[in-house]
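Have a look at the fold first, then go through the notes by topic.

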Amino acid sequence: MAELEKIKKEKQRKRYADAPVFTDKASYRPDDVNETGLCFVGHEISEDGKAMNQFLHYDQLYTIRHGWNSPFFKGLLDGKIMGTRCPICKDTWVPVRTHCWNLDCDLAKTEWVEMPLTAKVHTWTVAGWSGRSSLKRLPIVLVYAVIGESKVAIANELHQIEPWNVEFNMPLKVVFRPKKERKGIITDFHFEPAEGWEPGPMTEEKERIQNLIEPVYKWVSTLK
Ligand SMILES: [Zn+2]
């Protein structure tokens, strides 16, 4: 019996990493958080810096355990975009993958790499409606953008552009909020057109989009 227990324990040791000890804790829960909105209210980072949990208030308190993906969210706090790369085929991903997707790589565990703060538009849309907290910011340009040499695209807002001027493959830069406002969440950054990029001339399609968006601007201007 004792032998069986020993084997079981040994197995467990191999299967699970030690539980992280969370020592670096931040709380920014506002006094006026209400029961109908979505609000990130804090996070904790483990002693060894490897694991990060986040606390989200959305009707009730949720804990988001980032586990192996923690370096991406910790990177946001530092104004960095962290991606992962396969050590064998060198494919790179943001949003990150913990293991390679190529069958030949036999689920190789990926390694962390700091990505450049440059991207290009893969695809995009203009939001004319949103949750209550964003209504006054409408219309919002949402892009799926490829950061650096990533094999996948990440979604975020594109600022500093007339919504009808967005173009496929246009070059972008990643822009972070000031350090003290960052929470280790995706809205810590947004995209803006790269320096020197100028929109192409007005086209029929751009005019069509402009006509669709005009009523949104009009409606938003009536919001208190
Ligand atoms: Zn690979």
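Accessible areas here come from the Shrake-Rupley method with a 1.4 Å probe. On that basis the chain exposes about 14500 Å², with carbon and sulfur atoms supplying 53% of it. Keep in mind that this is a predicted model.

**Overall build**
- You're looking at three helices and twelve strands.
- The radius of gyration is 22 Å, well over the 17 Å that the globule rule gives for 224 residues, so the chain is more spread out than a compact globule.
- Along the principal axes, the C-alpha atoms fill a box of roughly 75 × 50 × 30 Å.
- Buried residues come to 39% of the 224 in the chain.
- Of the contacts with a separation of 6 or more, 50% are between residues 24 or more positions apart.
- On the charge side there are 32 positive and 31 negative side chains, and the centres of the two sets sit 5 Å apart.

**Helix H2**
- H2 covers residues 70-77, and six of its eight residues are buried, so the rest of the structure largely encloses it.
- The buried ones are Ser70, Phe72, Phe73, Gly75, Leu76 and Leu77.
- After H2 comes Gly79, with a positive phi near 75 degrees.

**Nonpolar cores**
- The largest nonpolar core has 31 residues, and those with the most contacts inside it are Ile81, Val143, Ile147, Leu158, Met170, Leu172 and Phe191.
- Two or more residues each come from H2, strands S8 (118-127), S9 (140-147), S10 (154-158), S11 (171-176) and S12 (189-193), and helix H3 (204-220).
- Take Ile147: leaving aside neighbours within four places in sequence, its contacts include Ile81, Val94, Met115, Pro116, Val174 and Phe191.
- Another core, of six residues, lies apart from the largest one; among its members are Leu135, Leu138, Ile140 and Val216.

**Cis peptide bonds**
- Val94 and Pro95 are joined by a cis peptide bond, with omega about 0 degrees; Pro95 is in the loop between strands S6 (92-93) and S7 (111-114).
- The bond from Leu138 to Pro139 is cis too, with omega near -5 degrees, and Pro139 is in the loop between S8 and S9.

**Positive phi outside glycine**
- Asp106 isn't a glycine, yet its phi is positive at about 55 degrees. Asp106 is in the loop between S6 and S7 and counts as exposed at 65% relative accessibility.
- Gln160, also a residue other than glycine, has a positive phi near 60 degrees. Gln160 belongs to the loop between S10 and S11 and is exposed, with a relative accessible area of 64%.

Technical notes:
Residues are numbered from 1 along each chain as its sequence is written. This is a predicted model: local features need pLDDT of at least 70, side-chain atom pairs count only at pLDDT 80 or more; totals for chains, interfaces and linings use all residues. Side-chain values use heavy atoms; hydrogens and water are left out. Helices (H or I, at least four residues) and strands (E, at least two) are DSSP runs, numbered from the N terminus. The radius of gyration is taken over C-alpha atoms; the globule rule is 2.2 Å times the number of residues to the power 0.38. Buried means under 20% relative accessible area, exposed over 50%, partly exposed in between (1.4 Å probe, protein chains only). Contact means heavy atoms within 4.5 Å. Lys and Arg count as positive and Asp and Glu as negative; His and the chain ends are not counted. The place of a charge is taken as NZ of Lys, CZ of Arg, CG of Asp or CD of Glu. A nonpolar core is a set of buried Ala, Val, Leu, Ile, Met, Phe, Trp, Tyr and Cys residues joined through side-chain atoms within 4.5 Å.
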